[in-house]
Amino acid sequence: MESFGYHDSNIYDLLENRHYNVRQDVSHNFQMHSSLIRRLSLEKVMEGHQGCVNAVAWNSNGSLLISGSDDTRLNIWSYNSRTLLHSIETGHSANIFCTKFVPETSDELVVSGAGDAEVRLFNLSRLSGRGPDDSVIPPSALYQCHSRRVKKLAVEAGNPNMVWSASEDGTLRQHDFREGTSCPPAGSSHQECRNVLLDLRCGAKKSLSDPPKQVLALKSCDISSTRPHLLLVGGSDSFARLYDRRMLPPLSSCRKRMSPPPCVNYFCPMHLSDRGRQSLHLTHVTFSPNGEEVLLSYSGEHVYLMDVNNAGRSAMQYTPGDVSKLMSFPPILNGVELQLPVCNVPSRLPRKSNVAATRDKCRKLIQIAEKCLDEATNYFYGIEACSEVLDGYVRDIEPTLKHECLCLRAALLLQRKWKNDAHMAIRDCYNARRIDNSSFRAHDYMSEALSQLGKHKDALDFAIAAHLLAPNSKAAERVENVRKDLAAVEAEKNKANDALPRSESRGGRVLSLSDILYRSEANSDASQDGPRSEREDSDYDEELELDFETSISGDEGRDVEPNILHGSLNVRFRRGDSGRESVGANGICGSPSSSSQNERTTYQPEAVIDMKQRYVGHCNVGTDIKQASFLGQKGEYVASGSDDGRWFIWEKQTGRLIKMLLGDDAVVNCVQCHPFDSVVATSGIDNTIKIWTPCAPVPSIVAGGAERPETADVLVAMENNQRKLCRSREAILPFELFERFRMNEFSEGTFHPFECTQS
């Protein structure tokens with residue numbers, strides 16, 4: 001795939017044209033050019049922490065780097081010398097998860113948030129004249145009003161007076177240094193902190209069609225650098241939310257739970273909007289450098305790109321009814337104009353003058369994809385070839401070529417069978433049917449995709465339609481196979497209903513943690529989208545809140561195998577008969593269960609912005625602080641850490657994998673690009689921070705690192721990551737561990753932490 005070039009042009013042409021195009025910002029184009037990215041290699045390993053490094057951030061001019069760690073210290077590093085300047089003992093009593101330089105303070109003010117639910121502000125000028133070892137300074141401000149872990153901090157460009165903190169207690173708070181430098185601890189009898197900007201303790205949605213009911217444990221937040229009134233948050237459900245701070249109600253205290261305020265936009269890939277799985281949540285949300293796009297990273301899922309400004313455009317927005325329409329068969333094959341919003345992203349590149357040459361290139365790419373399908377090998381590269389055509393040159397190709405490419409990519413996706421590939425195939429089949437609604441291939445592949453998802457009734461409709469369009473033996477065989485699958489599912493369902501003992505009611509059953517922790521997310525997309533269990537369909541009758549944080553902290557991680565992760569588990573168990581009219585410790589908002597049906601009929605779900613690109617290959621399961629970031633001032637590339645110790649870089653427009661580098665012995669969590677230079681800082685479970693620069697002698701998709709050359713096969717690494725993504729949560733938190741903790745009932749609102757390991 002490297003032989004077909006990249007969309008940011010040849011670097012020599014850019015250098016030559018800079019004399020003629022005075023409007024072109026050369027520094028922006030060169031900072032993260034593809035030729036530099038493919039030469040990224042490890043330049044420096046910076047040591048100074050004694051625990052996992054959970055946060056890294058550059059100052060505004062890129063001269064300093066700050067890091068926060070499990071050792072509860074903040075380290076300040078010099079960019080020029082790559083050395084440690086100061087190591088601050090913060091006084092936090094738990095892991096630091098986030099840290100920032102406060103803008104417009106000459107880099108003297110830094111802020112940290114930690115697992116002890118505290119936000120602390122420090123003035124670095126007090127360290128003047130001290131060495132790295134003499135760094136005990138009291139905080140300039142201490143905010144203790146959160147009741148659960150602070151996972152992310154946000155600052156506003158040009159604003160030296162405020163910082164925003166997102167916590168798993170469901171609130172996002174605005175701390176104004178001018179109004180006070182301390183506050184009472186959460187739960188204090190004199191709690192009067194009126195700094196709650198967003199109260200989302202009743203904000204989590206089980207699915208798109210369900211009203212918000214539970215605590216939205218916030219995991220991430222970001223403020224747009226170009227339009228600072230826009231605020232993006234993500235947490236313990238599948239929906240990112242965009243708010244306009246100018247339209248939010250006045251700051252409030254946490255004494256009274258408020259209904260979630262209306263947001264400007266919801267963001268969620270359509271295929272994730274109606275899953276109803278508690279374990280599906282966001283680990284990171286961020287704006288693009290120009291503020292026009294957002295990037296979402298999901299736990300147990302992929303990274304997705306969305307447009308901010310496409311509200312109201314049918315090509316990118318959907319409602320609950322649209323989700324089912326995407327997979328339903330229309331009653332008329334011909335003459336029906338299909339209006340369902342699907343992901344159909346036009347190219348953002350200028351139209352090429354030589355359309356004939358572009359189409360010839362597209363045909364060659366399609367031939368590569370066809371060869372991959374025919375030889376049943378290298379499906380990944382075949383899919384990338386199709387994506388290059390559809391996402392890079394869609395405006396320059398005729399409809400028949402586009403239809404061919406859509407069907408071909410759908411076939412490749414169905415053969416590769418990575419997580420949610422079947423959903424992506426359905427999108428392609430739908431778009432192919434919009435071009436030619438009598439296409440046999442589009443209907444045939446749609447039937448296969450629906451079968452893989454366990455939607456056998458819909459699959460049968462499409463199989464019959466394909467057989468009518470092309471009455472051949474292959475189509476007839478598919479119809480027969482789908483009918484057999486449907487009959488087998490119905491028989492299994494009836495058998496299960498008959499075998500269910502009447503005496504085993506939910507109220508008298510003894511539940512183990514493995515029973516109720518996280519129901520299996522299944523080993524394939526079929527079980528993810530199949531019929532949901534009785535517990536999943538219940539109106540939150542019994543709920544379990546779980547926090548599982550994996551890490552290798554301090555020196556303990558040096559004495560064990562590098563793939564052993566240690567962590568802590570916090571559990572809260574609730575029963576639904578505890579009075580839902582009061583929004584107290586049970587964390588559920590709304591009326592009692594007797595009126596839950598009425599709630600469903602009156603709630604009007606909001607429209608949601610759909611994905612426009614997906615980035616695959618990494619694995620995000622083990623930690624809930626894993627970042628996905630835009631690289632460079634133009635944000636033309638996307639990067640993410642991974643549970644396999646690597647970090648990945650994709651071309652934003654096409655989703656094409658550009659680079660894969662080994663950055664940690666266990667997990668890479670943080671990826672932060674330098675504001676101006678071709679430099680990236682990464683961190684993770686290791687005690688170190690790694691600096692990457694384009695210093696490799698030759699370009700490649702893998703690293704030629706100074707310390708340890710990356711020689712693993714790219715496809716093998718990605719295949720392993722996909723298998724991890726498809727494993728159930730119980731495979732990550734072993735069944736044998738939880739059988740020791742069988743339980744009858746937890747008392748309301750109590751937590752029972754204990755240590756556990758993952759192998």
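Visitor: What comes after α9, and what is its phi like?
Guide: Gly454 follows α9, with a positive phi near 80°. This is a predicted model, with pLDDT of at least 70 needed for local features and 80 or more for side-chain atom pairs, while totals for chains, interfaces and linings use all residues. Numbering runs from 1 along each chain as its sequence is written, and side-chain values use heavy atoms, without hydrogens or water.

Visitor: And what caps the N-terminal end of α9?
Guide: Ser439 does: one of its side-chain oxygens sits 3.2 Å from the backbone nitrogen of Ala442.

Visitor: Is α9 mostly covered or mostly open?
Guide: Mostly covered, with 11 of its 13 residues buried (under 20% relative accessible area, using a 1.4 Å probe and protein chains only). Among them are Phe440, His443, Tyr445 and Leu450.

Visitor: What covers those buried residues?
Guide: The cover includes α4 (320–327), α7 (399–416), α8 (421–435), α10 (456–469) and α11 (473–499).

Visitor: Switching topic: which residues lie nearest the centre of the largest pocket?
Guide: Trp58, Lys100, Asp222, Ser225 and Gln672, out of 47 lining residues. Lining here means having an atom within 4 Å of a point of the pocket, which is an open set on a 1 Å grid with protein on both sides within 12 Å along at least five of seven lines.

Visitor: Which element gives the most to that lining?
Guide: β6, with five residues.

Visitor: How does the lining split by class?
Guide: There are 24 nonpolar, 17 polar and six charged residues, with Gly counted as polar.

Terms used. On a 1 Å grid over the protein atoms alone, a cavity is a set of points where a 1.4 Å probe fits but cannot get out, and a pocket is an open set with protein on both sides within 12 Å along at least five of seven lines; lining residues have an atom within 4 Å of a point. Helices (H or I, at least four residues) and strands (E, at least two) are DSSP runs, numbered from the N terminus. Buried means under 20% relative accessible area, exposed over 50%, partly exposed in between (1.4 Å probe, protein chains only). Contact means heavy atoms within 4.5 Å. A polar contact is a pair of N or O atoms within 3.5 Å; within protein, one must be able to donate a hydrogen and the other to accept it, and residues adjacent in sequence count only if both atoms are side-chain atoms.
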